[in-house]
Structure formats: C-alpha cells, structure tokens
Amino acid sequence: MKVRVDGERCVGHGMCYLAAPSIFQLSDEDGHAHVVSQEVGDDLGDAVLQAQRSCPEQAIVVDTSA
Ligand code: SF4
C-alpha cells in the first residue's frame, strides 16, 4: 500500500496524526500533514485507512494496488 497527502487539500486538522501517528507528521509551522514514508506495510494498513476516513478534506490518497 502507498499513501500520500494532497497538499492542495490538507488544511491541518490533524485527524490523520491522531489515527496513525507513526505514518503522518504535522508541520510545526502550519500544521499540515505529510507522510513519514509513502510505503506502508500491511500491519499499518488499517490505521492508514482509518486516517483516510477521518480526514475531513479527503486529502489522504491511498493506493492499495501498490
Ligand atoms: S486530517 Fe486531512 S486535512 Fe487534517 S492534517 Fe491530516 S491530511 Fe491534512
């Protein structure tokens, strides 16, 4: 699975970080999110999908075919 944050959509709610703190980090400057790594192991897949569902801006892009 691959994951990234669409910087055009992200406004910095931080819900993704609450759902999956080992995947998402928030900028100290503007609170916007980025991923620690685009490659996500199966063990963290559920947390990433939960983060995707919790994002109010639909800013988290997941590719489950990767
Ligand atoms: S929940 Fe969505 S909008 Fe909020 S910081 Fe995370 S990616 Fe950005």
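Of the 17 residues in the largest nonpolar core, Cys16, Ala20, Ile23, Phe24, Ala51 and Ile60 touch the most other members. Such a core is a set of buried Ala, Val, Leu, Ile, Met, Phe, Trp, Tyr and Cys residues joined through C-beta atoms within 7 Å. At least two core residues each come from β1 (2–5), α1 (15–19), β3 and α2. The largest share, three residues, is supplied by α1. In soluble globular proteins, nonpolar side chains tend to be buried together.

The model is a predicted one, in which local features need pLDDT of at least 70 and side-chain atom pairs count only at pLDDT 80 or more, while totals for chains, interfaces and linings use all residues. Residues are numbered from 1 along each chain as its sequence is written.

Ile23 touches Val3, Val35, Val36, Val40, Leu44, Ala47, Val48 and Ala51, with residues up to four places away in sequence left out. Contact here requires C-beta atoms, placed from the backbone, within 7 Å.

The protein has two helices and four strands, in the order β-α-β-β-α-β from the N terminus. The radius of gyration is 11 Å, close to the 11 Å that the globule rule gives for 66 residues, so the protein is as compact as a globular protein of that length. That radius is taken over C-alpha atoms, and the rule is 2.2 Å times the number of residues to the power 0.38. Helices (H or I, at least four residues) and strands (E, at least two) are DSSP runs, numbered from the N terminus. Among contacts between residues at least 6 apart in sequence, 63% join residues at least 24 apart.

Buried residues make up 26% of the 66 residues. A residue is buried if 20 or more other C-beta atoms lie within 10 Å of its own, exposed if 12 or fewer, and partly exposed in between, with C-beta atoms placed from the backbone.

| Residue | Loop | Other C-beta atoms within 10 Å |
|---|---|---|
| Asp43 | between β3 (33–35) and α2 (45–54) | 8 |
| Gln58 | between α2 and β4 (60–63) | 11 |

Asp43 and Gly31 are 12 residues apart in sequence and 26 Å apart in space, C-alpha to C-alpha. Gln58 is not a glycine, yet has a positive phi of about 50 degrees. Most residues other than glycine have a negative phi.

The ligand is surrounded by 13 residues, of which the closest are Cys10, His13, Cys16, Ala33 and Cys55; a residue counts as near if its C-beta atom, placed from the backbone, lies within 6 Å.

Methods:
Two residues are in contact if their C-beta atoms, placed from the backbone, lie within 7 Å.
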